[in-house]
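Please have the sequence and the model open while reading.

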Amino acid sequence: MTSLQLSAKEEMVEKFLDAAARGDLNQVSTLLIHIPSLINQSGYSGWTALMLAARNGHHHVVEKLLSLGCDKFSVNNSSQTAYDIARFWGHRHISNRLSRTDDACQRVLLSSDLSPTENYFSRETLDRLSRKRTDKVWLEAKQSHPDTVYLLFSNLSPMVTKCEEDDGERGETRLCRFTFDAVQDLLQKPATVLIFLGVERKNPSSSSWSRSDDGSLEPPAWFAFNTDADAAELLKRCREKNCFFPKTPNRDLLQLSEDEAGVVAQARSVLAWHSRYSFCPTCGSSTRLEEGGYKRSCLDSGCRSLQGVHNTCYPRVDPVVIMLVIHPDGNQCLLGRKKIFPAGMFSCLAGFVEPGETMEEAVRREVEEESGVKVGPVQYVSSQPWPMPSNLMIGCLAVAVSTDIKVDENEIEDARWFPRQQVIDSFRGAYPAFVFPPRQTISHQLIRHWIRMNSNL
């Protein structure tokens, strides 16, 4: 492009921007008919025609530019959108127009370039080997193998130990691991529930792998069982120091390593299911454990649960939607708090998915029920097993289409819109507006995910 052509283009851009700033709709329309590419051109300090029209309150020019598909999410050199400018200068009718449309909601959610987060309780340390659950001979051989690992649960809490650091301080929490010989007597008790968790995924060169009769290396198998034996007597079996059964799983189980947390999520959820399904929900008869602990069958041969597939026969998983609701302006998020939360803590809204309900509709229903805010687009982000007792947290972002809050005090005690900068400050611990939920929760990860999104949405 020659300097003459460049000068002519710059002149047309300046003319177009000036017309938008003055509210000259006729000239704006005429110029766009002849040169459509002018619509998103910027001038001094990155200001576009839409920003200039929004700054000066020219609603008719804003409407025209929007109808022709201008980019209302572009930012000037001060990272301001046209919405930010209209709101700052008090042109509420224009700021409302810029924030209420469906395309605005969709643009707020355009954040999928970020790397996915591995949530706590989600790591698959073990290969579940589900195909082996029906192989009784193989399972029995593994149960008595000297390298097999057993995890001991009492009242659905795993026995754990607090490791001591060199300076005498207590360090990380670890699962206590037992051999078959150490727990054989407990496994023989009728009330003991034993489940097969899988085999280790570690490198075959690991010293914990043993050789089979044919010379091949085999990984150790892991089992978990729940017993009603006296907890104090059980603790005496452990050779580790500082052993205990967590009294408050929601807090204490969050101290495990990522590898062990995933194992506990699997074990505790299945054991919790067994604790509630000793009797058949269909006919009331007793049930027996099958398939390595992943099925219960009714002992009444005439029960209809033995015909076909029934969800009463397999461990249940309860889906829960948990969502970070984003303001239409893209720069605020909605957080709430329950009475049971620690002082000052706010978190994402959440609720159970109902039968026959989609994930998206569950998000919309729960948000409106708890906060009075209506939600439009919903975007899935990630999920997290939550073994308290057997939930699957389905993490989502959602965009509000209304902003007035009316809290249902039966569900939560407070809900507020928090600006992005306040959230960032709270995350960093600088002038915090609220206390962040623990890093092991998917709520924490959803908020971090939003912080990492392009702040110029």
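How much space lies in the second largest pocket? The second largest pocket holds about 780 Å³, a volume being the space filled by probe spheres set on grid points that are joined across faces, edges and corners. The model is predicted, so local features need pLDDT of at least 70 and side-chain atom pairs count only at pLDDT 80 or more, while totals for chains, interfaces and linings use all residues. Residues are numbered from 1 along each chain as its sequence is written, and side-chain values use heavy atoms, with hydrogens and water left out.

**Second largest pocket**
- A pocket is an open set of points on a 1 Å grid over the protein atoms alone, where a 1.4 Å probe fits, with protein on both sides within 12 Å along at least five of seven lines; lining residues have an atom within 4 Å of a point.
- Of the 30 lining residues, T192, V193, L194, L289 and E290 are the closest to the centre of the second largest pocket.
- Elements giving two or more residues to this lining are α8 (136-143), β7 (193-200), β10 (221-227), α12 (258-276) and β12 (287-290); helices (H or I, at least four residues) and strands (E, at least two) are DSSP runs, numbered from the N terminus.
- The lining divides into 11 nonpolar, 10 polar and nine charged residues, where Ala, Val, Leu, Ile, Met, Phe, Trp, Tyr, Cys and Pro count as nonpolar, Asp, Glu, Lys and Arg as charged, and the others, Gly among them, as polar.

**Largest pocket**
- The largest pocket has a volume of about 960 Å³.
- Its lining has 35 residues, and N250, K338, I340, F341 and W386 lie nearest the centre.
- β16 gives the largest share of this lining, four residues.
- By class, the lining of the largest pocket has 18 nonpolar, 11 polar and six charged residues.

**Helix α15**
- Nine of the 11 residues of α15 (residues 442-452) are buried, meaning under 20% relative accessible area with a 1.4 Å probe, protein chains only.
- Among the buried residues of α15 are H444, H449 and W450.
- The cover over the buried residues of α15 includes β14 (318-326), β15 (332-337) and α14 (420-428).

**S95**
- S95 lies in helix α6 (residues 92-99) and is buried, with a relative accessible area of 5%.
- The S95 side chain reaches the backbone oxygen of R92 at 3.0 Å.
- Leaving aside neighbours within four places in sequence, S95 is in contact (heavy atoms within 4.5 Å) with Y83, A86 and R87.

Technical notes: Buried means under 20% relative accessible area, exposed over 50%, partly exposed in between (1.4 Å probe, protein chains only). A polar contact is a pair of N or O atoms within 3.5 Å; within protein, one must be able to donate a hydrogen and the other to accept it, and residues adjacent in sequence count only if both atoms are side-chain atoms.
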